[in-house]
Amino acid sequence: MSTIIMMNLISLLFSTAIVHSNQSTVPLRSFKISENVTYDCIDIYKQPGLEHPLLKTHKIQMKSSISRNELKMQTGKNETSNKRKIVCPNGTVPILRNTKEYVTNSQVFAEKHFHPLSADSPGTHIAGVRSSIGPFRGVQAWFSANALNVGKDQVSYSHIYIGSGSENQVNYISAGWTINPGLYGDQRVWAFGFWKGKDGKGCYNTACSGFVQVSKVIPIVEPIDLKPGVPGWFRYFIHQDINTGNWWITQLMQKSPDVDIGYWPKELFNLLENGANMVGVGGVVQASRSGSSPPMGNGNFPNGGRLDSGLFSNIDVLNSNYEQRKINSFPVENLLDSEKCYGLRIGTVKPFHRNHLGFFFNYGGPGGNSCGV
């Protein structure tokens, strides 16, 4: 089994006097995992996410309380994990060291971040599925990530998401992987989380306050070094805590315990108290100013085998009673708006054949200059 994260990039730096662009807390320890990427181990009770004005009286929840039956997923592939890169001391959590440029760029991208509850966004194309017959308490999936050639003013990402809308208001949470050179400054795959709450503004990762990091080994945002043609695998679960109402992001594991990365507190939202009206998964691209659209998935149309293009599998939801069901237990809408540049193929299984993929689909394509508006 090949290792998808380049271990020779890992270097450990100990720091005792670092001032952040968005906080003044001195980290207990710092990890520099590449030239421009450093994580500071911050006291969990002093992390910047808790500085949000809606969280002044918030009490940190250390672990999700939802119970979940483990899915058996047998692809034989590597999962994305940074557990060998970052291990913060007990009582601290890894926070990406923000630059002013990153904070500014994240605000720009947050304003134009596409979500399926919004009106059509020029230059944005999607391929995936969603169900709008809620309420839902969560969504989870196993999906491939791939190194792609994405331009500086282009974006390509794949994610799972939940959301609710009412009149002109939207509450929304998304998590997955992205290649966004304009935001992160490189063409690497990055794990990300995004939310839009009651104040109408969106936020990526920990670029602004709101998200509460709990794991000391897996941050909400991290670069994943992938070799061309060799996919990495995400297995994410967004779910509402049955006791607190907070919305957790959990990394599901095959051969080790699941990892609760952190959560978006319920105080941030006004439309998600009793679950989300909509859940979905899929790929999204944003074209350059010139109209050139980047590749999606792994850059191939879904015309071959199950691993020859982008793949989402074991797509499950939690219903209003926190019962786990396949997403196609509910009415499912297929989303594809540019058949010339991208494709979507819902998976099928022959009768009496075993299926370890659950509800699945292949998606993606090469993009191009004539993908439409």
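**The disulfides in detail**

Mentor: C341 is joined to C371 by a disulfide, with an S to S distance of 2.0 Å (a disulfide being a pair of cysteine sulfur atoms within 2.5 Å). The model is predicted, so local features need pLDDT of at least 70 and side-chain atom pairs 80 or more, whereas totals for chains, interfaces and linings use all residues. Numbering starts from 1 along each chain as its sequence is written, and side-chain values use heavy atoms, without hydrogens or water.

The link of C341 and C371 is left-handed, with -100° about the S-S bond. C341 sits in the loop between strand 19 (333–336) and strand 20 (343–346), while C371 belongs to the segment after strand 21 (361–364), so this pair ties together parts 30 residues apart in sequence; strands are DSSP runs of E, at least two residues, numbered from the N terminus. Both C341 and C371 are buried (under 20% relative accessible area; exposed is over 50%, partly exposed in between; 1.4 Å probe, protein chains only).

In total, the structure holds three disulfides. Another is formed by C41 and C88, whose sulfur atoms are 2.1 Å apart. C41 lies in strand 3 (residues 37–43) and C88 in the loop between strand 3 and strand 4 (92–96), so the pair connects parts 47 residues apart in sequence. The torsion about their S-S bond is about -80°, which makes this disulfide left-handed. C41 counts as buried at 0% relative accessibility, as does C88 at 1%.

C203 and C208 are also joined by a disulfide, S to S 1.8 Å. Here C203 is buried, at 3% relative accessibility, but C208 is partly exposed, its relative accessible area being 32%.

With bonded cysteines counted along the chain, the disulfides follow the pattern 1-2, 3-4, 5-6.

Definitions and conventions:
Helices (H or I, at least four residues) and strands (E, at least two) are DSSP runs, numbered from the N terminus.
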